[in-house]
Amino acid sequence: MHVPAWVMAGCAGVAGGLAVARDPGARRARVLTARRRAARWGPTGRAMARTLLDGRREWLCAPVAALLAALGESVLPLLAGAVAVPLVKRWLRQRARRREREEAAHAVTRLCGAVVGELRAGREPGQALLAAARDAGALGAAESAVLAAARFGGDVPGALRQAAAEPGLDGLAGMAACWRVAVNGGAGLAAGLARLESALRGERRRREALRAQLAGAWSTVAVLALLPVVGLGLGAALGADPLGVLLHSPGGLACLVTGGLLEAAGLFWASRIVRAGEAA
């Protein structure tokens, strides 16, 4: 009786989480509650948790696999957990890289705005870039080359174009073009950078709007991925032994392998469709 009750509680929690996932008020309440809990925990506890989980979050698959192995009295969940660890690690790295690219693109936009402000305050272009780059931090690994070119009168557009080759720093290529046009043609650098900043902000707003429109599709993918888990929980709550059937019978093993392959194929295909929408 302990396992079905535990499973029913888990299913109820999953259903409640899915029901309020799209509710902005519930999301804000969760954020506020988490912040208050973190404040009670203290900075030392937060730092310890961050240190323990930093770069190791994929290993959270191990206790889940161990729990399923204990409930199902089989070693197969442990093998599945061992396979899931590198896959989850790869997914976390991809998500971190996407976040870094977005932060770098936003830093380029801030850099353009800061340079425009310095130019309109009366600074020379090189001095304006030096003053703005210290605050924006948007030049990546090529920061020293760009700052050296700006300080000693070198090829600033070439250094900016070289820095634009890094992920998320594509906007620096436009900044290099504005700089070269201003130097060679005598055009106003502040006006060109202001238009570039406006274009980059518009692109960021379009990306955010597209991400908001695709949030429903991602929610659908998550719900479809959780349906098999909910089905196992309902089976256990009704008094059946789905884990025992799946892990200790030939038919159950065949269904488990087939269902796992279909689940992975469905998630891959749905994610590919959503990614195609984001790229477009």
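User: How are the axes and angles of packed helices defined here?

Analyst: Axes are lines fitted to C-alpha atoms, for helices over the stretch in contact, and angles run from 0 to 180 degrees between N-to-C directions. Helices are DSSP runs of H or I with at least four residues, numbered from the N terminus. This is a predicted model, in which local features need pLDDT of at least 70 and side-chain atom pairs count only at pLDDT 80 or more. Residues are numbered from 1 along each chain.

User: At what angle do the axes of helix 4 and helix 5 cross?

Analyst: Two packed helices are described by the angle between their axes and the distance between the axes. For helix 4 (residues 61-72) and helix 5 (residues 76-120), the axes cross at roughly 165 degrees and come within 8 Å. Helix 4 is therefore roughly antiparallel to helix 5, a term for angles over 145 degrees.

User: Which residues of helix 4 and helix 5 meet?

Analyst: Contact means heavy atoms within 4.5 Å. C61, A65, A66, L68 and A69 in helix 4 meet P77, L78, G81, A84, V85 and V88 in helix 5. By class, this contact has ten nonpolar, one polar and no charged residues.

User: How does helix 5 pack with helix 10?

Analyst: Helix 5 and helix 10 (residues 189-237) pack at about 150 degrees, with axes 9 Å apart. Helix 5 is thus roughly antiparallel to helix 10. The residues of their contact divide into twelve nonpolar, three polar and seven charged.

User: How many disulfides does the structure hold?

Analyst: A disulfide is a pair of cysteine sulfur atoms within 2.5 Å. The structure holds zero disulfides. For C178, the nearest cysteine sulfur, that of C112, is 7.6 Å away.

Terms used:
Heavy atoms only, no water. Helix = DSSP H or I, 4+ residues; strand = E, 2+ residues; numbered from the N terminus. Parallel < 35°, antiparallel > 145°, perpendicular 65-115°, else oblique. Nonpolar A, V, L, I, M, F, W, Y, C, P; charged D, E, K, R; others polar.
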